[in-house]
Structure formats: structure tokens, C-alpha cells
Amino acid sequence: MQYTRLGASGLVVSRLGLGMMSYGDTSRRAWHLSEDEAEPIVRHAVEQGVTLFDTADMYDRGASEEVTGRLLARLFDDRDDYVLATKVYYPMSEKPGDRGLSRKHVLASVDGSLRRLGTDHIDLYQIHRWDHETPIEETMDALDTVVRAGKVRYIGASSMYAWQFAKAQHTAVLAGGTRFVSMQNHYNLVYREEEREMIPLCLDQGVGVLPYSPLARGLLAGGRGRGGERTTTRGGTDPLADQLYTEADFDVVDTLRSVASELGVPPARVALAWLLNKEGVSAPIVGATKLAHLQDAVAALDVTLSPAHMARLEADYSPHPVMGPE
């Protein structure tokens, strides 16, 4: 495993993060894994040196946090040996106010996450989306409060426009409060709009980038084909993928397969290796519902891509509308 600091912060993370969204309540989605089914995968991640584990309160309405907390407590001897990340924003019930980034919801949510995770602190607390109904001054003050209370070590953000992120950071600076150290955004070989939207800002401000969907919801790993065919359980039950990616993206997939064939490795490894080579990227967040998924991800760290490979992989890219806070 390789390690890096998260942006300009002092927080050290593994160069791959394990996304825990797939582990929790198996009744909610057909491709989810139970705690017992997830344990061998998480155990292998720990054995391979992964130290960054990412979840959210809304994943299975808290079930993912509960599973994450129990698994990591069993697999690590010391709480300080791993970096635990979770998120706040999405509804946790049908009750009014049980959502968003108000001071009330942030302060209540951090306590709920701590309880479900079975820990006294969260290493990286991220706002899951931008809240149009709450002044950013209120949100940043609430986040600063939980940091100063010792409940949170660092704060991060996810999926927003660059102007929104810049406004949030400036708000924190003006108040002498806590700034975001990371941005978890949608970034992969077939969605590269962040290269002109968010990533230049992150590079300028020393913010670490933690891309989610590094394999484009399975598209880059062979989970979908031209014409709409699906080869995985998740691919067959994931209508959002059809909104995010188009037939034109398969030109990139074809090149990816060609490069992977020349290198003698699976396409998923090459797609991850490409991302790991991109400026500003600290650690892609990888989801794994099979041990082989995780093994491929770890092996991507050893894949060497030449400048010519990188150029070929990027040549057929088709621009997309900027997603922002989708």
C-alpha cells in the first residue's frame, strides 16, 4: 500500500479508500452485503494496508455506519490506526428538519453517527451535498463547533460547484473557523468535467481529492455494454447510470480495454491507475462487493502507465454537462 497526506493537511491516508455503502441492510438493494458477507472484504483491505474507510449516515439509514463501526473495531487493535469518514446532509427520516445542513441537524447528526459507529470521534466529517436552504455561514459555524468539541478531527465536502466550495472556504476563513481539507467528487475516465470545474480550485487551495465512482458505476469494469446490456446485479438495478453516462462513453471504454489488453491486466486496474496518476487525487473511494474487486483495486497501485498510455486513454473523451450537486 502507498500513503499520502490528504491535500495540504497533516492527515495521512492510504492511496485507496474503501467505500462502505454496499454493506448494511440487504433488504434495501439486491447488491448489498450483510455484515458477515462484508467482513472478508474489509479484512482483506485491512491486511493490504487500507486505512481510509468512507461511509455516510444516509447509507441504509444508518445501517452502513453500524456495520462499519463493528467491523473496524474487530479488525483494528487501535482506533488511531485508521481514518474513519462519514457524511451528513440527506434525510434520515420523514420528520421535518431531519435533513440538510442546519446547525440543529449537523449537531444532532454527528452524535447519531458517533453512536452508530461506536467511536468517540470521526476523523473526516463531510457534507454530502450543498444545502440551498441553510446559509453557508450557519453550516460552517456548526462544523467548526463539532471540531472544537473534539467530535470531529477534519471536515470535507462532496459534489458541489467550484463557486460554492470557494464560498464555503472563504466563509470559514472570514470567521477564523475550520476549513475543508478534502473534496469527494465524481471523477473518472468518462466523467472528467472536474478537471475544469473543481480540481483546479482544490490544487490551488491544497484540498485533497477523494473521487467517488472511480469505475463509473461499473462501466469501466465491464458492468455495462453498448446497447444497454447489464452484466452485474447492480448494473441491472441502477437507472442513474443511464443518466450519467452515454453511448459515446463506450469509445473510451474500448480504448481502455485495448490498453489493458496490451498491459495484460483487467480494465478496472488501468482505469484506477489512470485516476491515481491524476494531479490532486489523494485516494479514490472504491466500492467492493466481491473480494476480486478489492484485489483489482490494490493491484492498480502497481500498474505503470506511460505518458502515451495516459494520452490514449484520454483522447476519446466526450464532454458532459457539469454535474455539480446532483
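**Close-up 1. The largest nonpolar core of this predicted model has 89 residues.** The residues with the most contacts inside this core are Leu18, Tyr23, Val42, Phe53, Phe165, Phe180 and Leu220. Helix α10, residues 267-276, gives the most to the core, with eight residues. Apart from it lies another core, of 11 residues, with Leu124, Val181, Ala283 and Ile285 among them. As a general background, nonpolar side chains in soluble globular proteins tend to be buried together.

**Close-up 2. Here we look at Leu18 and its contacts.** Which residues does Leu18 touch, leaving aside its neighbours within four places in sequence? Leu18 is in contact with Tyr23, Val42, Ala45, Val50, Leu52, Phe53 and Asp54, and also with Ile285, Val286, Ala288 and Leu294. Look back at the core for a moment: Leu18, Tyr23, Val42 and Phe53 are among the residues with the most contacts inside it.

**Close-up 3. Helices α1 and α2 pack with their axes 10 Å apart.** Helix α1 covers residues 35-47 and helix α2 covers residues 63-75. The angle between them is about 50 degrees, so the two helices are oblique to each other. Their crossing is right-handed. On the α1 side, the residues that meet α2 are Glu35, Ala38, Glu39, Val42, Arg43 and Val46. Their partners in α2 are Val67, Arg70, Leu71, Leu72, Arg74 and Leu75. Sorted by class, this contact has seven nonpolar and five charged residues, but no polar ones.

**Close-up 4. Tyr82 sits in the loop between α2 and β5.** Is Tyr82 buried or exposed? Its relative accessibility is 8%, under the 20% cut-off, so Tyr82 counts as buried. Not counting residues up to four places away in sequence, Tyr82 touches Thr51, Phe53, Leu72, Phe76 and Asp123.

Close-up 5. Ser159 is placed in the loop between β7 (152-158) and α5 (162-175). With a relative accessibility of 3%, Ser159 counts as buried.

Notes
Residues are numbered from 1 along each chain as its sequence is written. This is a predicted model: local features need pLDDT of at least 70, side-chain atom pairs count only at pLDDT 80 or more; totals for chains, interfaces and linings use all residues. Side-chain values use heavy atoms; hydrogens and water are left out. Helices (H or I, at least four residues) and strands (E, at least two) are DSSP runs, numbered from the N terminus. Buried means under 20% relative accessible area, exposed over 50%, partly exposed in between (1.4 Å probe, protein chains only). Axes are lines fitted to C-alpha atoms, for helices over the stretch in contact, and angles run from 0 to 180 degrees between N-to-C directions. Angles under 35 degrees count as roughly parallel, over 145 as roughly antiparallel, 65 to 115 as roughly perpendicular and the rest as oblique. A crossing is left-handed if the near helix is turned anticlockwise from the far one by less than a right angle, and right-handed if clockwise. Contact means heavy atoms within 4.5 Å. Ala, Val, Leu, Ile, Met, Phe, Trp, Tyr, Cys and Pro count as nonpolar, Asp, Glu, Lys and Arg as charged, and the others, Gly among them, as polar. A nonpolar core is a set of buried Ala, Val, Leu, Ile, Met, Phe, Trp, Tyr and Cys residues joined through side-chain atoms within 4.5 Å.
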